[in-house]
Amino acid sequence: MKRALALVSVIVIGVGTNFAHASVETEFDAASKLYAENKFAEAAVVYERLGQSNGVSAALLFNLGNAHRVLKQVTDAEGSYRRAIDLFMGANDASGVAKAAGNLGAVFLDTGRLAEAEADARKAL
């Protein structure tokens, strides 16, 4: 009987973990869909909620930075891209670093911060 309960507990925990993971992916996909539909503010809200409830990832921060950039929320975009760069670097994801650095450089360019834009553009190469 104890073995049966232990087995059921393992199965339930495993299913719960998979469900939670599927839920996060579904919300991430929903936010990405909102972004693709030019619903940037709504997408940012979903990305932020995901980050608060499930922790942040480089991809989440990158996408959040994109939404903030389009909304001209420069400080938030800059912060999101900087954090994404740190996480991409920690994961040895050169492509992610390049994309986030390039977008951060674009934020600097948009705001007339040319020296910073040039520095981040070089990182993106």
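Reply: Lysine 33 is exposed, its relative accessible area being 52% (buried is under 20%, exposed over 50% and partly exposed in between, with a 1.4 Å probe and protein chains only). The model is predicted, so local features need pLDDT of at least 70 and side-chain atom pairs pLDDT 80 or more, while totals for chains, interfaces and linings use all residues. Residues are numbered from 1 along each chain as its sequence is written, and side-chain values use heavy atoms, leaving out hydrogens and water.

Lysine 33 joins glutamate 37 in a salt bridge, at 3.4 Å from N to O (a side-chain nitrogen of Lys or Arg within 4 Å of a carboxyl oxygen of Asp or Glu). Glutamate 37 is itself partly exposed, at 34% relative accessible area. The side chain of glutamate 37 also meets that of lysine 39 in a salt bridge, with an N to O distance of 3.5 Å. Lysine 39 is partly exposed, with 37% relative accessibility.

A further salt bridge pairs glutamate 27 with arginine 49, whose closest N and O atoms are 3.2 Å apart. Glutamate 27 belongs to helix H1 (residues 2-36) and arginine 49 to helix H2, so this pair ties together parts 22 residues apart in sequence (helices are DSSP runs of H or I, at least four residues, numbered from the N terminus). Both partners are partly exposed: glutamate 27 has a relative accessible area of 24%, and arginine 49 has 41% relative accessibility.

Elsewhere, salt bridges link Glu78, Arg82, Arg113 and Glu116 in a network. In total, the count is 7 salt bridges.

How values were computed. Helix = DSSP H or I, 4+ residues; strand = E, 2+ residues; numbered from the N terminus.
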